[in-house]
Amino acid sequence: MKTADGNILKPKSPAGLKQLPRTFGPLAILIGLVIILSLLTPRFLTTSNLINLMLLFPIPLILAIGSHFVIQTGSIDLSVEGVMAVAGVVTAMFVHNSLTSLDWGVGGIAMGVLAGAALGALNGFIYVKGRIPSFIVSLGLSLACIGLATIMYGGNPISIYDRELQNLIIGRTLGVPTIFWWGLAFFLLMLVAERYLPLSNHIRAIGGNELIARQAGVNVNRVKLAVFMLAGACYGLGGALNTVRLTIGSSDTVSGFLFSTITSVVVGGTALTGGRGSVTGVLIGVLIIQIINNGMILLSLNPYLQAAVQGAILIAAIAVTINRRKAQFVK
Amino acid sequence: MAHILKQGAGALLGGTVKRTAPVVVLLMMIAVVGIWNPAFFQGSNLITVLTLASLLLMASLGQTWVILLGSIDLSVGYMASMCSVIFALLVSDWGYGALLLIVLIGIAGGLLNGLVYTMLRIPSFIATLGTGGIFLSLAYVISNASTVAVADVGNPVMRLLGREFLYVPVSIGLTVLLWAAMLAYQNFTPGGKKLYYIGTSEPAAWLSGIRINRHKILAFTVSGMTAALTGVLLVSTIYNGSPNLGDPYTLKSIAVVVMGGTALTGGVGGLGRTMIGALIMAILSNGMNVVGVNVYFQNIVTGAVIVLAAMLSLDRSKIPMLK
Amino acid sequence: MAHEVLVSMRNIVKRYPGTVALDGANLEIRRGEIIGLLGENGAGKSTMMKILVGYETPDGGEMLVGGKKVQFRSTREAMAYNIGMVYQDQALLPNLTVLQNLFLGYEHLFTRGGFIDHRKMKQTGREILDMMRLHCSLSDEVEALPLSTRELLEIGRLLWLSEISGRPPVIVLDEPTTVLDSNEIRQLFDIVRSIRDKAGIIFISHHLQEVLDLVDRVVVFRDGRDIASLPARDLTVAKIQEMMIGRELNTEYYLVDKQREPSERVVLEVKQLTVHGKFQDISFQLREGEIVSLVGLDGSGKEEVCRAIFGALKPDQGDVLLFGKRLNLKRPDLAIREGIGYVPQNRREEGAFQHLDIAANVTVTLLEKLAKLMFLPRKKGLQLAREWIEKLRVRASSPHMLIRQLSGGNQQKVILAKWLASDIKVLILDHPTRGIDVGAKEEIYRLLRNLADQGVAILMMCDSLEEDIGLSNRLLVLKDGRLTQEIDSPADRKPSVLEVIRAL
């Protein structure tokens with residue numbers, strides 16, 4: 001039997017075994033990490049540290065899940081920080097703050113999400129219609145957004161006065177930071193979406209082979225636009241929450257998120273080539289990265305080395321999982 | 001219009017149009033800015049523009065070859081930052097030794113990029129993002145997250161960089177010399193020509209006996225070196241280095257290369273174009289300053305310009321499946 | 001028993017640059033009838049099928065589905081009429097599960113309020129699996145499944161799609177038995193027979209006996225036309241082979257009179273070359289001035305053998321010796337250095353640097369040789385290009401012309417010039433005249449004869465057996481990755497195409 005380009009395919013051995021590291025690898029790494037860290041320092045497994053982790057990981061989780069769907073289609077979105085910055089400033093302007101007289105409370109966060117979604121839609125639109133490689137569009141967009149955000153607050157960081165709103169994030173509900181529940185709810189929502197929405201199948205299909213997906217009837221352009229919009233919304237949410245948590249509306253609070261987001265997604269098993277990975281995997285990936293950061297602080301390692309460690313992990317994770325057949329001529 | 005977007009203006013625009021467009025843009029810009037504010041043509045301003053241009057050019061030298069091959073180097077800015085810090089720290093005591101060290105660091109970093117890209121088969125934008133993170137970290141760690149001032153501003157190296165030879169600052173001369181040497185390699189040696197072959201079609205290049213990895217590693221190594229030297233130039237202008245001083249130069253180097261007319265898909269363009277791109281960017285930047293445009297707005301303009309220039313120069317017939 | 005006509009293709013014409021693939025071809029597909037579509041490579045049957053399923057659009061003629069005129073611009077449109085072709089991996093995504101693949105693009109049929117009802121989906125999925133007698137699980141990743149299963153899954157999906165639309169499907173099975181063992185073939189035939197009444201089925205295979213076993217009617221294609229349509233029971237394998245070939249070999253066209261006897265000196269020796277999964281234990285010799293053709297069906301491994309000799313495909317075992325010296329087969333540049341050239345089949349992506357000019361294309365392997373002390377001025381390359389443009393009569397106005405602006409034949413000449421300008425001892429050509437017009441083909445034949453005269457050893461694979469026989473001194477037959485036979489093709493006693501076809 002021939003493939004479309006006339007090649008005869010001979011039977012391959014079942015690929016089941018090769019999938020093992022991909023499915024269980026991240027989990028194994030996570031467990032191993034927890035064990036190693038708890039052995040290295042007694043401060044890791046304390047309640048206060050765990051509570052701290054619960055406070056820290058939801059925002060990266062939201063960002064990572066947004067990126068995950070884009071990467072699953074085989075594209076990439078480097079606009080995380082830019083969109084976060086704009087969304088954060090937008091949110092800052094709508095809640096009780098030093099610059100404007102608005103006081104929308106939670107509505108402010110919603111505005112941030114909307115701003116993110118709009119930027120994501122722009123990103124996707126330029127990518128799909130302009131047919132420019134996604135990494136360039138998102139990179140350019142990110143730069144433009146940082147500039148936009150800074151203009152919006154005119155160089156003077158906005159101070160947020162809405163303590164009630166901030167408490168909604170860092171305050172406690174049932175003994176743990178409220179934001180943890182937000183994160184959990186978001187995760188469960190995405191899990192349901194992944195399992196029950198046809199869109200999730202379409203996303204995987206496009207990542208697997210865009211041509212085949214298109215021939216099967218998947219509206220590739222619409223799906224791509226949708227994932228970029230979703231990603232933008234996620235970054236918007238992350239940026240809004242980040243801003244409220246820190247009570248500062250500024251573009252300085254977003255540095256470092258791009259790295260950790262992409263690294264988390266890749267470590268969680270989502271292949272850069274697309275078509276693989278899962279929301280659960282992303283959760284594990286985020287936990288791994290956050291725990292590593294946490295561990296580095298507990299072990300008194302220079303916090304600035306975080307970026308280097310993440311960079312190295314990123315390279316290692318991809319090197320280990322890359323599909324060599326697909327990567328014959330890599331750009 | 002949709003037709004143009006679909007094919008990629010790069011495929012439709014005649015060769016002559018593509019070749020001359022950047023020059024035309026450059027001339028038009030000089031005219032526009034000059035008319036708006038004749039102060040532009042003042043000697044001191046021109047020197048400012050040329051200094052800015054040479055800074056942009058230095059950062060873009062290696063990036064040009066990387067993009068010519070069809071890849072990208074996202075670590076340029078971080079390398080520049082890291083080297084600005086190291087250079088500022090050491091130049092007072094080590095003099096020319098510091099300069100040599102920077103060159104070596106640049107080569108080592110670029111080599112790392114090249115090896116990760118070719119040996120581990122990781123897409124260049126991720127590979128350089130990853131290594132960029134390492135450089136970023138080192139910049140912060142070495143400088144302890146603060147600005148590093150040059151201890152002895154009067155030391156020979158700093159004075160050399162600041163001196164003028166026939167009214168031309170040495171830093172500019174250095175950049176242009178390097179550019180000329182690289183241009184000679186690019187246009188007149190087999191190795192330089194191979195960059196174009198690889199960028200045009202890697203499969204065909206491989207089947208024609210070109211050792212692709214070798215040239216890729218070379219391009220990235222050079223990119224690392226020029227990024228490092230950018231850090232040195234930065235220090236020579238403001239007499240200190242800081243861990244994020246060079247960060248904007250990643251995107252700026254890409255903008256310069258793309259605006260000069262080198263296609264992101266590779267195989268077309270080169271250092272000659274990059275020179276034009278550097279001048280355009282410098283005049284744009286300087287022009288915006290002279291006219292009084294907000295610095296942050298400039299970022300937006302740069303971002304938009306990158307996307308636009310990429311769109312126009314891209315030859316879509318070379319990308320079957322756009323990612 | 002044949003029922004109503006489902007699809008009627010009339011006078012279909014399809015042209016590609018340099019060739020006419022279909023020249024007024026006809027085909028009628030009826031429900032309840034299995035058609036065996038046969039013909040040599042290049043006879044037009046694949047193109048006909050591509051047009052049927054919407055992969056290509058015809059340049060002339062018309063197609064009627066259910067009596068209505070249609071023009072498919074994509075396979076999706078054809079699918080809407082339930083016309084589909086089953087390739088092995090064409091419709092399945094390896095990274096998705098069986099269940100996801102079966103219903104990709106049609107999930108909305110199983111949703112309630114936008115959410116997928118997995119129970120309903122699985123139920124229907126299991127029905128399809130049962131119908132196709134498959135034992136795999138719905139949650140298996142397609143990647144892990146054997147090719148035979150994937151094939152049946154695709155057929156199952158097509159059948160299901162036709163069921164929900166209520167229109168009888170037209171299913172094209174393109175070489176389905178290549179990857180099946182005899183049990184699976186029997187199973188497939190059973191299933192095909194069981195659905196015969198519901199559909200119109202086209203079966204393409206080069207295993208002629210199989211075709212006769214399964215189909216009701218045989219349609220033979222030759223030179224872009226359907227030349228025969230007969231009930232299978234009236235035919236034998238021998239009769240079909242005769243119909244597929246047709247004419248006498250045109251010796252003048254292939255410059256057979258210029259064919260020379262090779263010298264005794266062995267230039268290239270291939271010893272037990274093996275690439276797992278592609279070919280095994282290939283051994284043969286090439287002599288000075290000899291033209292040898294590799295012949296074999298798709299999947300015989302002949303393209304891979306050539307790539308391995310050139311260093312473009314790393315062999316697992318075996319050696320290649322050039323004038324007795326063992327070659328390093330790791331990379332093409334090593335082979336090139338020793339004097340081996342390779343003209344790939346994919347001219348556009350692998351053969352030429354489309355966006356560079358003629359001079360660049362001609363000089364790519366000569367850069368070091370032309371350069372003096374690392375320096376290589378442009379004019380040397382231009383001069384060389386001009387020489388070769390003249391020598392090979394390339395229709396180009398100047399060496400500055402981009403190669404993509406040239407016709408296929410002229411592009412190929414430029415590619416050949418690149419090797420002619422180097423000092424090659426062996427030239428390997430993969431389908432050198434594909435997509436090239438008749439006039440240019442003749443010029444290339446002349447080129448090859450000249451090369452052989454100069455003592456270069458040539459190894460090639462052509463688009464048609466005629467070409468292989470006409471040009472070469474000797475034919476090496478490859479079957480399923482093994483060298484099974486050697487057929488001499490001396491100038492005075494050329495074998496017939498029939499003779500060679502029987503050996504494949």
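B:A180 sits in helix 9 (residues 170-188) of chain B; helices here are DSSP runs of H or I with at least four residues, strands are runs of E with at least two, and both are numbered from the N terminus. The residue counts as exposed because it has 12 C-beta neighbours inside 10 Å. The cut-offs behind that label are 20 or more other C-beta atoms within 10 Å for buried, 12 or fewer for exposed, and partly exposed in between, with C-beta atoms placed from the backbone. Along the chain, B:A180 and B:L271 are 91 residues apart, yet their C-alpha atoms are separated by 8.8 Å.

All of this comes from a predicted model, in which local features need pLDDT of at least 70 and side-chain atom pairs count only at pLDDT 80 or more, while totals for chains, interfaces and linings use all residues. Residues are numbered from 1 along each chain as its sequence is written, and chains are lettered from A and ligands numbered from 1 in the order in which they are written.

The model scores ipTM 0.84 and pTM 0.86. On pLDDT, the predictor's confidence in each residue from 0 to 100, chain C has a mean of 87, with 98% of its residues at 70 or more. Chain B averages 85, and 91% of its residues score at least 70. Within chain B, the highest element mean belongs to helix 12 (residues 212-238) of chain B, at 95, and the lowest to helix 1 (residues 2-7) of chain B, at 47. Residues 3-12 of chain B stay under 50 throughout, and the model has 19 contacts for them beyond four places in sequence; a contact means C-beta atoms, placed from the backbone, within 7 Å. Where pLDDT is low, the predicted coordinates should not be read in detail.

Over in chain C, strand 3 (residues 34-39) is largely enclosed by the rest of the structure, because six of its six residues are buried. In a regular strand the side chains alternate between the two faces of the sheet. Here both faces are covered, with C:I34, C:G36 and C:L38 buried on one side and C:I35, C:L37 and C:G39 on the other. Strand 3 of chain C pairs in the parallel sense with strand 10 (residues 200-204) of chain C over four bridges, pairing being called when DSSP finds at least two bridges between two strands. C:I34 stands opposite C:I201 in that strand 10. Strand 11 (residues 217-222) of chain C also pairs in the parallel sense with strand 3, over five bridges, and there C:G36 has C:V218 as its bridge partner.

A six-stranded open sheet in chain C runs in the order 18-19-20-15-21-22, with mixed pairing. Strand 18 (340-343) and strand 22 (482-488) of chain C are at its edges with a single partner strand each, so one side of each has no neighbour in the sheet. Strand 15 and strand 20 of chain C run parallel and are joined by three bridges, and C:S293 stands opposite C:M460 in strand 20 of chain C.

Helix 16 of chain C lies across strand 15, strand 19 and strand 20 of chain C, at about 145° to strand 20; axes are lines fitted to C-alpha atoms, for helices over the stretch in contact, and angles run from 0 to 180 degrees between N-to-C directions. The buried residues of helix 16 of chain C are C:A440, C:K441, C:I444, C:Y445, C:L448, C:L451 and C:A452. They cover an arc of only 145° around the axis, which puts them on the same side of helix 16 of chain C; the arc is that of the directions from the helix axis to the C-beta atoms. C:G439 and C:D453 are exposed on the other side of helix 16 of chain C. After the helix comes C:G455, with a positive phi near 100°.

Terms used
Contact = placed C-beta atoms within 7 Å.
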